[in-house]
Amino acid sequence: MNDIIPRAGSTDIWNAYMVYGASFTPNSDMPICHYLGGEIPKKLISYDKAKHIFKSRIKSEPNFKSDAYVHFYIDDQKFDGKRNGIWLYPEKAYDILCHFAGVISPDFSTCQDFPDALKRYNFYRMRTFDYWLHRKGLPVIYNVRWGTKETWQYCFDGIPNSCMVCIGTVASGIRKKENRPIFVAGLFEMVKRISPHTIVVYGSSNLECFKTLANTGIQIISFPSQTSLAFATLKGGSKDEQT
């Protein structure tokens with residue numbers, strides 16, 4: 001891919017430039033990312049909130065910097081829409097993201113009932129953003145997703161060993177007991193293949209599987225979801241939101 005010279009007048013509609021210089025995994029062609037280290041986030045905010053902060057501050061503070069990491073554990077249409085999607089306009093997304101401490105890989109949906117080709121495409125887009133954002137100098141924490149066992153063929157590809165990863169449990173379906181075996185099996189398979197030293201969890205980590213991993217020496221860092229924070233506020237809890 002890197003040696004191909006585009007035909008004069010052609011347009012890169014596949015975002016091939018984002019993986020310029022990359023190596024790819026042999027079986028799935030996922031871009032291979034390189035771990036550059038990085039600190040545990042002080043706080044997390046969603047991409048839609050990051051956009052709001054950007055719009056409200058950029059004119060008066062063009063060089064502002066937030067200490068929050070940006071996550072994409074929100075509905076896809078809020079970051080992958082037709083008019084303002086980050087895949088269609090990655091440079092516009094970067095103009096926002098570069099004002100924040102770091103990024104958690106875009107969480108393009110890979111629902112179990114999706115066609116396999118669509119799931120592979122969305123995993124490819126995750127790793128492409130990881131590679132590209134790293135190349136542009138932004139700290140990235142790798143979002144890890146998996147589904148049923150057949151997705152293990154590619155869903156962990158491209159992520160470096162012994163790094164920090166992030167898992168979103170909010171939309172994982174683990175509240176239903178029938179879904180937990182799939183989640184737990186994938187979690188332990190991910191640890192077996194990647195050997196992360198730290199797992200950041202967006203949502204609840206109050207599960208026996210995370211306690212088991214913590215007992216092996218893996219650091220588990222949990223951040224409450226926006227939903228749980230809103231619920232806590234309604235119940236008279238802390239209003240110190242992660243914004």
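Arg193 and Glu189 lie 4 residues apart in helix 4, so about one helical turn separates them, and they form a salt bridge in which the closest N and O atoms are 2.7 Å apart. A salt bridge here is a side-chain nitrogen of Lys or Arg within 4 Å of a carboxyl oxygen of Asp or Glu, while helices (H or I, at least four residues) and strands (E, at least two) are DSSP runs numbered from the N terminus. Arg193 counts as partly exposed at 37% relative accessibility, whereas Glu189 counts as buried at 15%; buried means under 20% relative accessible area, exposed over 50%, and partly exposed in between, with a 1.4 Å probe and protein chains only.

The model is predicted, with local features needing pLDDT of at least 70 and side-chain atom pairs counting only at pLDDT 80 or more, although totals for chains, interfaces and linings use all residues. Residues are numbered from 1 along each chain as its sequence is written, and side-chain values use heavy atoms, leaving out hydrogens and water.

The 15 residues of helix 4 (residues 180-194) should span 21 Å at 1.5 Å a residue, which agrees with the 21 Å between its end C-alpha atoms; the expected span is 1.5 Å times one less than the number of residues. Its buried residues include Phe183, Leu187 and Ile194, and the buried residues of helix 4 pack against strand 5 (164-168), strand 6 (198-202) and helix 5 (208-215), where contact means heavy atoms within 4.5 Å. After helix 4 comes Ser195, whose phi is positive, near 55 degrees.

## Other salt bridges

The whole structure holds 10 salt bridges, one of which joins the side chains of Lys78 and Asp48 (3.8 Å, N to O). Because Lys78 lies in the loop between strand 2 and helix 2 (90-97) and Asp48 in helix 1, this pair ties together parts that are 30 residues apart in sequence. Lys78 is partly exposed, with a relative accessible area of 37%, and Asp48 is partly exposed as well, at 24%.
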